[in-house]
Amino acid sequence: MRAPKLTLPDQLNAIPTVGCSTWLGSWWASIKYLTKGADIIRRGYEKHKGTPFKVADLYRWTVVVSGPQFVEDLRKASDDELSFTEAVNENFKFEYTLGHDVHYNPFHIPTIRSQLTRNLGILYPDIRDEVVTAFEETLDLWDNGEVRVRCYWPIIEARDIEWKSVPALQTVQKVVCRTSNRIFVGLPLCRDPDWIDLNIQFTLDVVKGGVIIKLFPKFLAPLVARFMTNVPASARRGMKHLGPIIEERRKHLEEYGKDWADKPNDFLSWLMDHPEASKSSIKDLTLRILAVNFAAIHVGVYSFTQALYHLAANPQYMQPLREEVESIVEKDGWSKGALAKMRKVDSFLKESQRMEGIGAVSMTRKVMKEFTFSDGTVLPKGTIVTIASQATHLDNGIYENAEMFDPFRSANMRDEDGDGAKHLFVSTNPEYLSFGHGRHACPGRFFAGNELQSMLAHVVLSYDIKLEDNATRPRSLHIGGTISAHPTARVMFRKRAH
């Protein structure tokens with residue numbers, strides 16, 4: 001582990017420090033940041049709101065900014081000034097874990113922005129089908145034969161149905177992975193247990209691989225990635241699944257062109273239709289699918305698990321959510337259009353994300369050449385700069401009673417403003433930064449929003465849920481600037497009585 005450098009450029013020295021700025025003190029501060037990062041950033045936000053400050057993390061000094069003007073400065077900066085790609089590479093070492101071509105030529109990202117978002121309405125029946133099937137098979141609530149027989153009757157009495165305790169995070173992982181891959185690679189692969197396990201494990205492999213690589217000098221990074229991480233083995237495992245599918249589809253492409261009868265309408269097909277894909281190896285395409293899974297699982301799993309914890313801890317909100325879903329589905333059925341009308345469902349997810357997002361920071365960038373903010377603050381080349389997003393979300397000056405979970409906060413704001421798109425779960429602005437903001441905002445957030453809304457609507461309509469006896473809402477884990485839903489907490493489910 002490396003402490004931040006003893007001597008700092010004058011520009012960084014001029015920025016106030018939260019914690020200690022001496023060599024030994026900053027080393028100890030970086031240790032504290034590992035488990036108290038969110039608290040340290042919030043303390044800095046409260047003391048230096050609207051002005052930059054710096055914190056020591058394990059590998060470097062990070063400059064933290066806040067306020068609409070700094071958000072705008074980051075949003076407007078060009079990639080050769082402030083690089084999102086290089087900041088991500090600093091954290092995860094994608095050029096070594098995902099590979100040079102995937103990182104530096106990410107043609108899968110515009111495919112997400114265009115094809116994936118454009119096809120959400122057409123593919124919604126597949127999303128809905130997989131959500132229902134995945135929950136049913138993962139929860140497996142009908143183990144008891146006597147209960148199973150009773151459930152054939154039109155009316156189910158609550159006392160006849162037993163509660164079942166399930167590990168929340170692991171349950172959500174399977175549902176999100178299956179539903180996402182129904183759109184990424186289609187049936188039957190999306191339900192293959194080894195494919196599901198691989199993609200869930202790959203998310204962890206990349207994160208752990210990035211941490212390991214950062215412990216060594218840069219010239220050793222390729223060797224460390226190859227021999228000291230699980231990523232190469234995961235890639236080989238993925239190729240066993242996708243290799244035959246890619247080869248078969250390439251034969252059809254060569255024989256019939258881009259359109260042929262029964263061509264799958266999934267992300268793999270869209271990816272293979274891209275002009276760059278003709279030069280891509282099976283390994284490259286496999287790594288791109290795994291990379292898309294990495295993003296979908298990381299965002300979807302932690303976001304929905306947090307929402308599930310909020311719902312289980314606040315059962316009084318189940319009924320208003322149910323009433324909204326029932327009335328809309330009765331009129332419009334299950335469709336993307338119906339989801340768009342579920343304001344309370346959307347608001348519940350946004351409020352959960354506001355309070356317990358996937359990070360205490362957002363819009364992280366690496367300074368590629370000396371950069372001057374609009375207030376005159378200068379950042380030297382190589383600096384990492386980020387926005388204090390969670391502290392912004394918990395600011396009483398921005399959100400009334402900001403530390404109170406108010407699930408219909410955004411729905412009420414939409415009612416006050418008219419049908420204001422700015423209050424949607426997937427909308428970004430300088431006061432709601434869970435998905436970033438600007439051109440580098442999460443490209444898959446529309447798919448994620450669609451998927452998570454479908455999951456929440458299905459859960460409230462189909463199940464009763466609660467925490468185990470005497471349990472309180474599971475606390476999130478903080479690792480540096482990352483926020484993680486509690487990994488082992490359990491939630492009780494039972495089939496809803498009608």
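E351 and R354 are both buried in this predicted model. Their side chains meet in a salt bridge, 2.8 Å from N to O. Both residues belong to helix α18 and sit three residues apart, about one turn of the helix.

Now to the packing of that helix. Helix α18, residues 343-355, packs on helix α20, residues 409-417, at about 125 degrees, and the axes are 6 Å apart. At that angle, α18 counts as oblique to α20. On the α18 side, the contact involves R343, K344, D346, S347, K350, E351 and R354. From α20 come R409, S410, A411, R414 and D415. What is the make-up of this contact by class? There are nine charged residues, two polar and one nonpolar.

Next, how many salt bridges does a search of the whole structure find? The count is 28. One of them joins the side chains of K366 and E90, again 2.8 Å from N to O. K366 is in strand β5, residues 362-367, and E90 is in helix α4, residues 84-92, so this pair ties together parts 276 residues apart in sequence. K366 and E90 are each buried.

Another bridge connects D464 with R494, with 3.0 Å between the closest N and O atoms. D464 is in strand β9, residues 463-467, and R494 in strand β12, residues 490-495; this pair links distant parts of the chain, 30 residues apart. D464 is buried, as is R494.

Last item: a network of salt bridges links D126, D129, E130 and E137 with R178, R182 and R191. That's it from me.

Notes: Residues numbered from 1 in each chain as written. Predicted model: local features only at pLDDT ≥ 70, side-chain atom pairs only at ≥ 80, totals over all residues. Heavy atoms only, no water. Axes fitted to C-alpha atoms, helices over the stretch in contact; angles between N-to-C directions. Helix = DSSP H or I, 4+ residues; strand = E, 2+ residues; numbered from the N terminus. Parallel < 35°, antiparallel > 145°, perpendicular 65-115°, else oblique. Contact = heavy atoms within 4.5 Å. Nonpolar A, V, L, I, M, F, W, Y, C, P; charged D, E, K, R; others polar. Salt bridge = Lys/Arg side-chain N within 4 Å of Asp/Glu carboxyl O. Buried < 20%, exposed > 50% of the residue type's maximum accessible area, 1.4 Å probe, protein only.
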